[in-house]
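Welcome! Let us walk through this structure together, one place at a time. Keep the view open beside the text as you read.

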Amino acid sequence: MVAPNKKTPTAVEVSDKNPQIKEGETKVITITNPSDLPITDSDTSDYSPAQISSANPSIAMATVSGNTITIAALKVGSTKITVSVEGVSCDINVDVLSSAPNVTSITTNQKVEVIKGQTISDTFSFVAENNNDLVPQIDSEDPNVSLAQVSGNKITYVGNKIGTTVVNLTIGNKSVAIDVTVKTDVPDAQPIKLDCANSIQMAQSDLKRIKITSKVPPGQFVKVSSADDSIAFASPNNTNDGIIVGSTPKLGTTQITIIVANQTKVITVTVVDNTPKVDDITLSKNVSNLE
């Protein structure tokens, strides 16, 4: 409804229908038609004061005073501002842009391996329009696997637990995902080969030396265990290239597990009765009388 003695404009026009404003900033645009809008109803003018509203005031809000519109950009996104005079309106499409400097690229290794219990460092670089105030941010999706920290242009990765995670490095408006794998420090080794069969028999209370014929990696030590020490026990030899298996008086079967680096081998040990067996004894006795 048109206010008494006020005109209805044929159209409402503004100086910028598609403003782009950075988050946290404001922009002033002008209502160019009608060109003589009042600030209040009491002002002398052929028109009533303009009305203004935002479709999403959480993204951008606007105020109008006479022919001046002030738009405040609150958060990144898009919304529509509508300005109207006596029922005739004009839509202003507002894009709120990130206030972070425009980072065009981040360069770093995007696949990283860390030994469990150790810490490694890597570097990164980036290209930005203005990097004077940029503070890189980093976070690990699973810090229980690997915790990441950033200082200057250096990233530090801590290997906490064997597994994989993703570390996100964010600088300004750009992010990169870094795949981090935490692994054991045990090197790959050849399959374990022995100078005996996979199943052996031993007499009671005996010792047997078994040679490892495959290569033991440098810095690695032979590990061995028995499933049942009461039947047979085992230990590495002092030259780290074999094991010594000892049987007990107890009869039975057990398994001996040998570990070399990341390889495992199991042999079966059966302790058998070593008491001599006599199938038949025939005695002949000659009795003579001695006088």
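The protein averages a pLDDT of 89, and 92% of the residues score at least 70; pLDDT is the predictor's confidence in each residue, from 0 to 100. This is a predicted model, in which local features need pLDDT of at least 70 and side-chain atom pairs count only at pLDDT 80 or more, while totals for chains, interfaces and linings use all residues. Residues are numbered from 1 along each chain as its sequence is written, and side-chain values use heavy atoms, with hydrogens and water left out.

In soluble globular proteins, nonpolar side chains tend to be buried together. Here the largest nonpolar core has 23 residues, and those touching the most other members are Val14, Ile31, Ile69, Ile71, Val83, Ile92 and Val94. Such a core is a set of buried Ala, Val, Leu, Ile, Met, Phe, Trp, Tyr and Cys residues joined through side-chain atoms within 4.5 Å; buried means under 20% relative accessible area, exposed over 50%, and partly exposed in between (1.4 Å probe, protein chains only). Two or more residues each come from strands E3 (26-33), E5 (60-65), E6 (68-73), E7 (77-85) and E8 (88-97). E8 gives the most, with five residues. Another core lies apart from this one; it has 19 residues, among them Met202, Val222, Val224 and Val245.

Next, look at Ser140, in strand E13 (residues 137-140). Although 25 residues separate Ser140 from Thr165 in sequence, their C-alpha atoms are 7.1 Å apart in space. Leaving aside neighbours within four places in sequence, Ser140 is in contact (heavy atoms within 4.5 Å) with Ser146, Thr165, Val166 and Val167.

Now turn to Lys265, in strand E24 (residues 263-272). Lys265 is buried yet has no salt bridge, and the nearest side chain of opposite charge, Asp195, is 11 Å away. A salt bridge would need a side-chain nitrogen of Lys or Arg within 4 Å of a carboxyl oxygen of Asp or Glu. What Lys265 does have is a polar contact of 3.0 Å with the side chain of Asn198. Such a contact is a pair of N or O atoms within 3.5 Å; within protein, one must be able to donate a hydrogen and the other to accept it, and residues adjacent in sequence count only if both atoms are side-chain atoms.

Finally, visit some backbone features. Most residues other than glycine have a negative phi, and most peptide bonds are trans. A cis peptide bond joins Asn33 and Pro34, with omega about -5 degrees, and Pro34 sits in the loop between E3 and strand E4 (51-54). Asn240 has a positive phi of about 60 degrees and lies in the loop between strands E21 (232-236) and E22 (242-247). Ala261 also has a positive phi, near 55 degrees, and belongs to the loop between strand E23 (252-260) and E24. Is each of them buried or partly exposed? Asn240 is partly exposed because its relative accessible area is 21%, whereas Ala261, at 14%, is buried.

Terms used. Helices (H or I, at least four residues) and strands (E, at least two) are DSSP runs, numbered from the N terminus. Lys and Arg count as positive and Asp and Glu as negative; His and the chain ends are not counted.
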